[in-house]
Amino acid sequence: MFEVKTTAGASKAEIYLELTTQLTGLLSGETNGLANAANTAALLFAGLGEVNWAGFYFLRGGELVLGPFQGKVACVRLQLGRGVCGTAAQRRTTVVVTDVEKFPGHVACDHASRAEIVVPLIKAGKLIGVLDVDSPSLARFDATDAAGLEKVAQIFLQGSDVQYLAD
Ligand code: SME
């Protein structure tokens with residue numbers, strides 16, 4: 001049985017090192033994109049701390065459509081170029097928001113969310129979707145989270161068949 005190791009007292013960089021090591025083990029031997037997205041969301045939600053949502057949106061028919069996640073029920077469809085997810089997807093760069101109330105067009109799925117980070121998922125030059133993590137704490141995410149979650153996205157994309165999740 002796979003268990004998420006506790007990281008109490010660890011620095012943020014140490015937490016990401018631990019999580020990426022665990023993710024590599026968790027995804028080894030399995031390439032199903034849906035299953036791997038579900039386990040990646042569960043690992044992040046359990047292991048990051050101070051997060052109230054972690055999950056995926058996949059690009060379908062020109063929109064971002066909700067994928068596997070952990071947290072409260074969420075908005076199903078997001079427009080490209082709007083909100084934090086749509087902005088990260090359109091720009092194809094990670095977006096770190098220290099205060100969601102100051103981000104124009106932020107889509108509030110859970111009113112407890114105060115900070116957010118979104119990493120675009122790009123495989124073989126193609127936009128597949130985004131990895132999104134929300135926190136109830138202001139300024140929860142920084143450049144260390146961006147680097148750590150980009151590594152998480154890279155491990156997920158490398159080890160998973162994701163082409164069928166997006167069109
Ligand atoms: N806040 C996001 C919407 C997705 S939820 O946070 C799960 C946004 O502005 O795109």
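**Reading loops, helices and a core**

Guide: Let's start with Ala139: its relative accessibility is 48%, so it counts as partly exposed. Please keep in mind that this is a predicted model.

Visitor: Thanks! Where is Ala139 found?

Guide: Ala139 sits in the loop that links β6 to α4.

Visitor: What is the phi of Ala139?

Guide: Here is the general idea. Most residues other than glycine have a negative phi. In this model, Ala139 is not a glycine, yet its phi is positive, at about 55°. Arg92 is another case: its phi is near 60°, again a positive value in a residue other than glycine.

Visitor: And where is Arg92 found?

Guide: Look at the loop between α3 and β4. Arg92 has 40% relative accessibility and therefore counts as partly exposed.

Visitor: Now the helices. At what angle do α1 and α2 pack?

Guide: When you read a helix pair, take the angle and the distance between the axes together. Helix α1 covers residues 12-27 and helix α2 covers residues 33-47; they pack at about 150°, and their axes are 11 Å apart. Because of that angle, α1 is roughly antiparallel to α2. The crossing of α1 past α2 is right-handed.

Visitor: Which residues in α1 meet α2?

Guide: From α1 come Ile15, Leu19, Gln22, Leu23, Leu26 and Leu27, and they meet Asn36, Asn39, Thr40, Leu43, Leu44 and Gly47 of α2. Sorted by class, this contact has 7 nonpolar, 5 polar and no charged residues.

Visitor: How do α2 and α4 cross?

Guide: Their axes come within 11 Å and cross at roughly 155°, so α2 and α4 are roughly antiparallel to each other. Their crossing is right-handed. On the α2 side you will find Gly33, Asn36, Ala37, Thr40 and Leu44, which meet Leu149, Val152 and Phe156 in α4. By class, the contact of α2 with α4 has 5 nonpolar, 3 polar and no charged residues.

Visitor: Let's turn to the core. How many residues does the largest nonpolar core have?

Guide: The general idea first: in soluble globular proteins, nonpolar side chains tend to be buried together. In this model the largest nonpolar core has 50 residues, and Leu121 and Leu149 have the most contacts inside it. At least two residues of this core come from each of several elements, including α1, α2, β1 (53-60), β5 (115-123) and β6 (126-135). The element that gives the most is α4, with 7 residues.

Visitor: What is Leu149 in contact with?

Guide: Setting aside neighbours within four places in sequence, Leu149 is in contact with Tyr16, Leu44, Leu48, Ile117, Val119, Leu131 and Val133.

Visitor: One more pair, please. Is Leu64 buried or exposed?

Guide: Leu64 has 0% relative accessibility, so it counts as buried. It is found in strand β2, residues 63-71. Not counting residues up to four places away in sequence, Leu64 touches a list of residues, among them Tyr57, Phe58, Leu78, Cys85, Ala89 and Val130.

Visitor: And Ala143, buried or exposed?

Guide: Ala143, in helix α4 (residues 143-158), counts as exposed because its relative accessibility is 61%.

Note on methods:
Residues numbered from 1 in each chain as written. Predicted model: local features only at pLDDT ≥ 70, side-chain atom pairs only at ≥ 80, totals over all residues. Heavy atoms only, no water. Axes fitted to C-alpha atoms, helices over the stretch in contact; angles between N-to-C directions. Helix = DSSP H or I, 4+ residues; strand = E, 2+ residues; numbered from the N terminus. Parallel < 35°, antiparallel > 145°, perpendicular 65-115°, else oblique. Left-handed = near helix turned anticlockwise from the far one by under 90°. Contact = heavy atoms within 4.5 Å. Nonpolar A, V, L, I, M, F, W, Y, C, P; charged D, E, K, R; others polar. Buried < 20%, exposed > 50% of the residue type's maximum accessible area, 1.4 Å probe, protein only. Core = buried A, V, L, I, M, F, W, Y, C linked by side-chain atoms within 4.5 Å.
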